[in-house]
Amino acid sequence: MAEVVDVNKPLFAGLSDVSIAEDIPVEGDIAVPVRSQSGDDEISTLDEPVKDTILRDLKAVGQKFVHVLYPKKSSALLRDWDLWGPLLLCVTLALMLQGGSADSKDDGGPQFAEVFVIVWFGSIIITLNSKLLGGTISFFQSLCVLGYCILPLTVAMLVCRLVLLGSMEVGGFIIRLVVVTASFGWSTFASTAFLADSQPPNRKALVVYPVFLFYFVISWMILTFSPSH
Amino acid sequence: MASPDDLKFQEFEEAADLLAADPGASTLSISSSSAAVSSGDVKVDLSDDEDNQQESSELLGGEKQTSGFWTFEYYQSFFNVDTVQVLDRIKGSVMPLPGRNFVKHHIRNNPDLYGPFWICATLVFSVAISGNLSTFLSKKGDPQYHYRPQFHKVTIAAVAVFLYAWLVPLGVWGFMTWRQNAERQTSAYSFLETVCVYGYSLFIYIPTSILWSIPFGWLQWLLIVVAMVISGSVLVTTFWPVVRDDTKTTAFATMATIVVLHALLAVGCKMYFFQTAELTVSPLSPTTPAMLNHTALINKPH
């Protein structure tokens with residue numbers, strides 16, 4: 001008697017035993033941000049009030065701020081990257097670094113353009129560096145992560161300006177030093193938490209060191225800010 | 001891991017002796033001649049080498065750039081280093097031993113741009129920050145002194161360091177290649193290897209610049225001498241084997257130029273960015289354009 005294929009058993013049933021484990025991370029270049037609502041909803045966003053549009057983007061930016069402040073291993077920053085947050089932070093930082101001893105253009109703190117150039121040019125160079133060393137993260141994702149992780153340093157800048165409103169000399173300096181050092185460590189830790197996974201394992205330190213240098217320079221600019229009397 | 005390295009190094013010495021005995025022997029490059037001499041003898045052990053690709057590329061005579069310069073992979077080939085390799089090269093630049101040619105021993109046909117670029121970037125910021133710190137420390141007692149970040153010095157330091165680290169190797173490489181073509185000698189290093197040597201030799205200046213912020217004059221000059229000796233000897237041991245076959249005057253002139261330029265960079269940085277306790281504020285610009293012009297003038301021996 002010939003063997004009858006059991007029609008009740010579905011075809012290729014044995015393949016379900018060979019399935020991709022859920023804990024294997026799927027890697028790849030995500031160059032286009034994936035919006036959670038796409039397709040038919042896009043037409044309706046034209047008709048919504050402007051307030052809704054702006055609030056939605058602001059909420060996305062705010063959500064990423066929260067992810068930076070509590071750096072768990074989430075992929076929100078990587079999946080839905082945007083550059084509004086970094087722009088906002090960079091402009092805020094550059095504006096707050098003005099009004100220093102800028103009476104003589106030569107001897108004072110960094111100009112607005114210098115801060116901008118350092119932040120953006122530095123981020124681009126670090127991203128290029130990590131891609132040249134064989135990283136799998138995409139260009140804009142890396143820019144997004146590096147930009148968002150400036151948030152602790154911006155908060156430190158705010159605190160420093162508040163401290164400088166008082167007039168304690170050495171005590172104020174020590175407070176500023178502690179705050180800036182803590183936020184520098186926080187920024188570096190947060191960005192490496194997001195970036196480290198995408199690097200080949202024997203080159204991680206080569207990628208982390210430029211990030212460290214980048215945030216160190218920004219911290220030095222914040223710490224040496226001295227308002228004009 | 002020690003025996004294949006020693007074996008390779010001794011093979012190179014034999015090849016160099018053979019070439020010295022018969023200067024008319026034509027060679028393509030030092031690496032390929034040693035491979036030709038030792039092709040039967042050296043057993044290339046791929047398993048315990050740090051980078052398998054560099055072995056095969058050595059046998060192929062150093063053919064590495066197969067993509068065009070407009071592709072990304074072309075530039076990726078310059079970053080083909082691991083953390084341990086970079087650390088090993090940095091160690092080699094800080095502790096130069098007399099027999100060890102930095103290019104042959106450490107770079108070994110795998111020149112990278114990671115080291116030179118990031119060492120220069122770190123040096124720029126360490127010089128600027130330490131200079132700012134030294135100005136602050138030396139003028140702390142002055143009641144009229146108001147602390148200023150002096151951020152423009154970063155720009156000046158960046159221009160000086162990056163010009164030195166890229167134009168001087170260009171000049172040295174061009175000169176060596178011209179002499180090689182004119183005299184038909186053993187080959188010069190490639191441009192990337194020259195940039196690599198110069199970049200890694202600048203590493204010693206990073207801790208030196210941090211220590212320069214201590215405002216004692218004798219300490220600063222002592223540090224300059226120590227740093228000059230170390231990094232100068234790296235450069236000398238690297239370039240001497242290539243240059244020594246040339247005429248005496250050219251050889252000595254080349255080595256002297258290399259050492260003098262290196263000294264100019266160190267002394268220029270020290271004098272412009274750092275103050276000792278007794279000096280007043282140095283003027284902003286006259287030293288640096290003079291140094292840059294001087295460097296540019298010396299840079300054109302050919």
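Modeller: Between chain B and chain A an area of about 2,800 Å² is buried, and carbon and sulfur atoms account for 65% of that area. Buried area is here the accessible area, taken with a 1.4 Å probe, that two parts lose on being put together, summed over both. The size of an interface is often expressed in this way, as accessible area lost when the parts come together. Of the area that chain B buries against chain A, B:Trp118, B:Arg148 and B:Phe151 supply 24%, more than any other three residues.

The model is a predicted one, in which local features need pLDDT of at least 70 and side-chain atom pairs count only at pLDDT 80 or more, whereas totals for chains, interfaces and linings use all residues. Residues are numbered from 1 along each chain as its sequence is written, chains are lettered from A and ligands numbered from 1 in the order in which they are written, and side-chain values use heavy atoms, with hydrogens and water left out.

In terms of contacts (heavy atoms within 4.5 Å), 27 residues of chain B touch 33 residues of chain A. The rule for a salt bridge (a side-chain nitrogen of Lys or Arg within 4 Å of a carboxyl oxygen of Asp or Glu) finds 1 across this interface. The side chains of B:Asp82 and A:Arg203 meet in a salt bridge, at 2.9 Å from N to O. Polar contacts are pairs of N or O atoms within 3.5 Å; within protein, one atom must be able to donate a hydrogen and the other to accept it, and residues adjacent in sequence count only if both atoms are side-chain atoms. Between chain B and chain A, 9 residue pairs are in polar contact, with both residues at pLDDT 80 or more.

The elements of chain B that give two or more residues to the side touching chain A are helix H4 (72-76), helix H5 (83-94), helix H7 (114-138) and helix H8 (152-183). H7(B) gives the most, with 8 residues. Helices are DSSP runs of H or I of at least four residues, strands are runs of E of at least two, and both are numbered from the N terminus. By composition, this side of chain B holds 16 nonpolar, 9 polar and 2 charged residues. In that division Ala, Val, Leu, Ile, Met, Phe, Trp, Tyr, Cys and Pro count as nonpolar, Asp, Glu, Lys and Arg as charged, and the others, Gly among them, as polar.

Among contacts in chain B between residues at least 6 apart in sequence, 74% join residues at least 24 apart. One buried residue of chain B is B:Leu261, with a relative accessible area of 4%; B:Leu261 is found in helix H12 (residues 248-273).

A:Ser187 counts as buried because its relative accessible area is 0%. Leaving aside neighbours within four places in sequence, A:Ser187 is in contact with A:Cys149, A:Pro152, A:Leu153 and A:Tyr215.

Key:
Buried < 20%, exposed > 50% of the residue type's maximum accessible area, 1.4 Å probe, protein only.
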